[in-house]
Amino acid sequence: MTDAADLRLKKRHAAETRFRMYGRVAIIVALSFLVLLLGRIGMQGYSTFTTNTVSLPVYLDPSRIDRADLEGSNYDYVVALSLLKRMGETEDEFGTASADAMNLVSRDLGFQILDRIKADPTLIGKTITVTGPVKADADLYYKGELKRSTDQADRKLNDRQLAWLDRLKKSGAVTSGFNVGFFTHADSTEPEQAGILGAIIGSAMMLLVTALIAVPMGVLAAVWLEEFAPKNRWTDVIEVNINNLAAVPSIVYGLLGLAVFINWFGAPRGAPITGGMVLALMALPTVIIATRSALKAVPPSIREAALGVGASRTQTVFHHVLPQAMPGVMTGTILSLAHALGETAPLLMIGMIAFNPGLPEGFTSSASVLPVQVFIWENASERAFHERTAAAIIVLLVFMIAMNAAAVILRRRFERRW
Amino acid sequence: MTILIALALLAAFSVSVYMLGRRRAVVLAEGRSASLHSLPGYHGTWVALWAGVPAALIVILFAVFGARLEDAALRAQVPAAVAQLSAERQEVFWSDASSVARGQTPSEISYQGAIGEALAAKAAEARRLSAIGLVSVLALSGVLALCGVLLTYPRLSKDFRARNRVEGWTGILLIACSTLAVLTTVGILGSLIWESLRFFQSVSPADFLFGTSWDPQIAMRSDQVAAKGAFGAVPLFVGTFLIMLIAMTVAAPVGLFSAIYLSEYAGPATRATIKPLLEILAGVPTVVYGFFAALTVGPSFRAFFNWIGAMLVEGPMDPLGQYLMTVQNQMALTAGVVMGIMLIPFVSSLSDDIINAVPQTLRDGSYAMGATKSETVKRVILPAALPGVAGALMLAISRAIGETMIVTMAAGLQAKLTANPLDTVTTVTVQIVTLLTGDQEFDSPKTLAAFGLGLTLFTVTLALNIVALGLVRKYREHYD
């Protein structure tokens, strides 16, 4: 071999190694993005799953509670006074001490007292123990996110409040535990009381509507296109049309929902039924495409055998072909529903962005759904909401991963190779 | 509520009719089921379908359109006192009349004198109309259901081809479901074009498509003093294009190279682990990417550029340093990069399929000539797969243009005509969201502008999709 050829070969091998490295780098880049994304959200969100609750004996001072107007009394103030007493402090003439104390415990405690007094007015004048979350800022302090080393002017809690919090923790009045409230409350303006139950229920209701519309319609449409439709210009148009619909930006479906469902048919704004219908239209093409490929995979021998023993075409399809294709249909359907679960943009168009402090009342009343809740909380300015956003994302991802895993298991378990 | 009860009654009626028809067929068979043309169940189903479906359709149509009909009937006669009011006040009067009729709380406007009487009269009329409508529709559906049974039941006989009839119904159902997909397209096109036409009545299409100033602030009430609002969409198109370009700069090389590595270099084990991991990246909802962009990528980019700026300040590059110090969280680069990350699995899985479709014989031929793997990929596989890869990239571009949440959360709202990736820009989709979220009246050019933007977006993505899908399909057929 000549030197020139040797040199050329070396160069070619170097190029080969370089090219292979580009591929490796690309994969590593993609996977590190995945790790970064999930890791960052996990880091931001996991602290929400624990919370600090305070348990306080509160003296229901008869002079501060108006028996004639229970709703009108300031129970937060009553709680604050009890907290001050426990700290051995007294109210100053400007009320700053009680204001500081009020900023440490959630207003939920005041509402609890109101509920209990309403149920049993004889409690006034006695001391009762109420338990509830601490305010979001105090929670951040306990979790180490709000640091004492920051200059007092730059943090939301002053030195005196931090000292109180330390003492409360030491005395055992504040305990840390699993954040049950996050899973049992609906949205709230106070971060420490905001939960995702309302959004979870809303998402479930909406997904139910989507599934009830998109699955039967999509499957039946696919059956017609694949098994019955004649091959002519019309069916070609429908076919191209379905493939293109699958690639239409989701926000366009939102515009459709707004113009047709809401303005035309008068569907309720921001309700699960409207959102479900919009998402059903969006999921329909993917369900059709998945069902068609599942039907295509069923070998013609099945059809011929059924027709051979005298079944009609309809019977062949519904008694033999479709059942054989069912695992594939289910897999495709679950995947497209999982996609619908994470969809946000079209729901903003149909007014699902409203603040819903209660659980959804029904299919036709306003509700929130998980991805929109994420969007709403992300826009909130308080830091505590950002943590909750990440936690809500974790819950959303868990649901989506569960659905995807179900699809994979279905495929593994029932898929038949012909 | 009444509607639901009526539908439930109809369902129960159909079930009992089914039993009736089935039993009739069994009786007709006289114990020899082979003497029937169709199985007894088909006889029952056929009768039940005629009993239930037309009646149910009437009830459902009434539920959807009934309120509009009643409203139209109510407004047919305008009381003299109402006719004097302004158009908006008349609207309020009519909605108050129906609210009063339904026992809901009307608006806070107090009606006195002749108008008050008119309101009471119209409320009574509305109540009467809705009662008449409901009763007549229920009666009609009852008659239809009975007629269905009475006309079909006597026709059952041994030779009656009930199965073929039922299969006819099934066929109609299947075709109806397939047309829904077409109706969706018609609905999208119809609503976008209709609302856009209304928009273009107040803003000329040329101003919209070629105007360079976007400022959709418009007076909400007629007595408000405000700028007329500018609807030149070029800054939005430029912003969308800029972000798409950044996204494709990230997604195209990373996605393509991972696809090449996965299909040509990786062993089956590596493939089996990496592909599902990339699919996770594809399954993450876009709102999550938006959150990531807004709270992680944006601030880090800002810190990074501010840091570079701080180093350049007071040096030879002082103006650039000064500029970099002012970079904000919301910039085209943040949205573009995160959108690129979102598109990586999309590009890679599509390209992977396409590269795999290149026949093995081409590879074998190339190897036999002594080419290395990378030479085979570069000189044989990629040229062969080029149309398909181009199609995949076009589909990715169409996704990037239509993507909403990432840009809404990370790109910004200011419509600037700039090509600077560090500047905040806005896109078509962001503006659609901003124009339509929040409570505003639906007739103002401001809200209608969203439909103009939507129509543009739909047209562009549709063109891209048609070309791209055509390319991919032709390419597949080429090697099949």
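## Domains of chain B

In this predicted model, the centres of domain 1 of chain B and domain 3 of chain B, taken over C-alpha atoms, are separated by 51 Å. The domain assignment of chain B gives domain 1 (2-160), domain 2 (167-202) and domain 3 (230-479), with bounds that come from an automatic or database domain assignment.

## Confidence and conventions

Chain B has a mean pLDDT of 87, and 96% of its residues reach 70 or more, where pLDDT is the predictor's confidence in each residue, from 0 to 100. For the complex, the predictor gives an ipTM of 0.90 and a pTM of 0.88.

Residues are numbered from 1 along each chain as its sequence is written, while chains are lettered from A and ligands numbered from 1 in the order in which they are written. Because the model is predicted, local features need pLDDT of at least 70 and side-chain atom pairs count only at pLDDT 80 or more, whereas totals for chains, interfaces and linings use all residues.

## Contact between the chains

The contact takes 70 residues from chain B and 67 residues from chain A, two residues being in contact if their C-beta atoms, placed from the backbone, lie within 7 Å. On the side of chain B that touches chain A, helix 6 (residues 162-202) of chain B gives the most, with 19 residues. The residues of that side divide into 45 nonpolar, 21 polar and four charged, where Ala, Val, Leu, Ile, Met, Phe, Trp, Tyr, Cys and Pro count as nonpolar, Asp, Glu, Lys and Arg as charged, and the others, Gly among them, as polar.

## Helix 4 of chain B

The end C-alpha atoms of helix 4 (residues 87-102) of chain B are 23 Å apart, which agrees with the 22 Å that its 16 residues should span at 1.5 Å a residue; the expected span is 1.5 Å times one less than the number of residues. Helix 4 of chain B is followed by Gly103(B), whose phi is positive, near 80°.

## Strand pairing in chain A

Strand 1 (residues 50-59) of chain A pairs in the antiparallel sense with strand 3 (residues 174-178) of chain A over five bridges, and with strand 2 (residues 127-133) of chain A, also in the antiparallel sense, over seven bridges; two strands pair if DSSP finds at least two bridges between them. Thr53(A) stands opposite Thr175(A) in strand 3 of chain A, and Val58(A) stands opposite Ile128(A) in strand 2 of chain A.

Technical notes. Helix = DSSP H or I, 4+ residues; strand = E, 2+ residues; numbered from the N terminus.
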